[in-house]
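Thanks for coming, everyone. Please bring the structure up on your screens. I'll walk through it piece by piece.

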Amino acid sequence: GDAIESLGVDKEDPEASAQVAITMSFVVGILLAIMALCRLGFIVSFLSDPVLEGFTVGASILICTSQIKHILGLDIPRGSFAETIAQIFTQIHESNPAAVITSVICIGMLVSVKMYSQRRNLSIPIPIELIVVVLSTLLSAILNLKAEYGLPVVGEIPPGLPPPQVPDFSLISDLFLPSLTITVVLFVVCASIVKTFSMKHGYETDENQELLALSLANIIGSFWLCYPACGSLSRSAVVSNIGAKSQLYNIFVAVILVVTLLTFAPLLATLPNAVLGSVILVAFRTLIVKLKSLRTLWIVKKADFFCWLATFLATIFMGTSYGLLIGFMVSILILLQHTALGQIAELANLPGTAIYRNVKLFPGARRLPRVAIVRFGSSINFVNRRSYREQLANFLTKTPPITTLALDMSMANAVDVSGINMLRAVTKMFREHEVQIMLVGCRGPVRAFFQRCKFSDVVGMDRWFVDVPSAIDYLHTQPGGLELELQEVKLEGDNRKSAVGKSSIAASRHPRRPSRDSKQQLE
């Protein structure tokens, strides 16, 4: 509608409006094809499961709410969720008894047969939806329910297929920006529907293939008076509910639809709207049940709970497009916050082994005297460099003071320029306090990046080690050796302590001593 107005086209002119719609469908198809060629399907990876569930439940409630007017036989104009609810409560006393009775009977039949099929585990599902539609259409026609009781029906459906029409390519430049917005929203909505049902039925999907399919559907459809389209959550729910297992069902649907439009379209004029509303309402009952997951999310992880809730509320009150957008933004903000608060773990030795673990999780682990071993919990980048630097600086205040800081990089998959600048600053800061820096467990890409940045000029290659035991063995070989004094490992708020005493590091000798060449190898 906005695109039509921006072009100065009269909305009341059906031919002009149709020309804008099919041209936009063509442009959207081309943009989707470009996205498929560029392999941009990975965008969907940023839609977390809580976002998808919140969107699915919110959209399900929106669709079910829109069907209540048909179930009650009310004439309510299309509007927002709040407006629709307000109109329903305002007009509920005007409900059509015939529509209510029809809906109750249909819902009862649909639910009963579904429960029976599930209980019996039938290999071929009973097509109860088709049976209900056919029977209700026949009864409505025989009993003349519309005339006798005012039961709202589908009404006359124009028979035949529309003639093909070529889009107006001169409008492409004017429609590019609105088409780009529609393309992004269309793909994200469709991808969320795909992921919802793939999780429900346990199959894998290829987002780039979805892009290509949507592209072809819109490009071909633009020559047959189709507006920009994508998957439908309501129709997908109905199809899932009746037992369809693959996209092959679309072939049969297309054939039946064409045959119906060419021959049987007038026969559907007496189909009650209440029946269609009942079919959709029953199909969504399994999706709305996902509300139960909200309690689990609150217990497991509150950040995901708020992500789910934000998506759900935005979908309900602002619509599906804004719901997904807000859910996406909230999940990205949570991810950035988690990344910005990068955590390091201080490692200590498990007695009698060559294993080093987080002292907060293993209170019996033994710290080495004058040595601090810290492990980065993630990649090091411009987002978390400040957090990491502040945490590392705390080791300068340890008592007794440390003389060696071993940086375990085994969990850092990547380091950017900001990260390596932070490491340079930290190395300089510790050297001013006469503390040497050692690098441990650098992954191949990280090691190669360090070498390109000439970080070996800051921390010599003789201080790079494959793993923590290799670094400790190296310290043991240095003049004076490394005497191990068992220290207390006392956590904040925890009274548990390890044993206190003195022994040589040889007492807990590592079962292997790597060769000097292994110090230079990549992990």
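Let's begin with a single residue. In which helix does T65 lie? T65 lies in helix α3. Helices here are DSSP runs of H or I with at least four residues, strands are runs of E with at least two, and both are numbered from the N terminus.

Before going on, a word on the model. This is a predicted model, where local features need pLDDT of at least 70, side-chain atom pairs count only at pLDDT 80 or more, and totals for chains, interfaces and linings use all residues. Residues are numbered from 1 along each chain as its sequence is written, and side-chain values use heavy atoms, with hydrogens and water left out.

Back to T65. Is it buried or exposed? T65 counts as buried because its relative accessibility is 7%. Buried means under 20% relative accessible area, exposed means over 50%, and partly exposed is in between, using a 1.4 Å probe and protein chains only. What does T65 touch? Leaving out residues up to four places away in sequence, T65 touches F81, T84, I85 and I88. A contact means heavy atoms within 4.5 Å.

Now the helix around it. Helix α3 covers residues 49-72, and it packs against helix α5, residues 97-120. The angle is about 115° and the axes are 6 Å apart. Axes are lines fitted to C-alpha atoms, for helices over the stretch in contact, and angles run from 0 to 180 degrees between N-to-C directions. Who makes the contact? From α3 come H70, I71 and L72; from α5 come A99, V100 and S103. Four of these contact residues are nonpolar, two are polar and none is charged.

Next, the whole protein. It has 20 helices and eight strands. Of its 523 residues, 42% are buried. Take the contacts with a separation of 6 or more: 76% of them join residues 24 or more positions apart.

On to the record. UniProt, in an unreviewed entry, places "transmembrane region" at residues 20-47, 128-145, 175-194, 248-268 and 305-336. Those positions use the numbering used here, feature names are shortened, and annotations may be inferred rather than shown by experiment. Take two of these spans. Residues 128-145 are 94% helix and 0% strand, with end C-alpha atoms 22 Å apart. Residues 305-336 are 97% helix and 0% strand, and their end C-alpha atoms lie 17 Å apart.

Stay with the first span for a moment. N144 is in the loop between α6 (128-143) and α7 (145-149). N144 is not a glycine, yet its phi is positive, about 55°. N144 counts as partly exposed, because its relative accessibility is 38%.

A265 is another loop residue, between α11 (249-264) and α12 (273-283). A265 is buried, with a relative accessible area of 1%. What does A265 touch? I157, P159 and T260, again not counting residues up to four places away in sequence. P158 is 107 residues from A265 along the chain, but their C-alpha atoms are separated by 7.1 Å.

Now the strands. Focus on β4, residues 404-408. How many of its residues are buried? Five of five. In a regular strand the side chains alternate between the two faces of the sheet. In β4, T404, A406 and D408 sit on one side, L405 and L407 on the other, and all are buried.

Which strands pair with β4? β3, residues 371-376, pairs with β4 in the parallel sense over five bridges. β5, residues 436-440, also pairs with β4 in the parallel sense over five bridges. Two strands pair if DSSP finds at least two bridges between them. On the β5 side, L407 stands opposite L439.

β3, helix α17 (residues 385-393) and β4 make a right-handed β-α-β unit. So do β4, helix α18 (residues 417-432) and β5. Right-handed means that, with the strands pointing away from the viewer, the path from the first strand over the helix to the second runs clockwise.

One last stop. P400 lies in the loop between α17 and β4. A cis peptide bond joins T399 and P400, with omega about -5°.

How values were computed:
Nonpolar A, V, L, I, M, F, W, Y, C, P; charged D, E, K, R; others polar.
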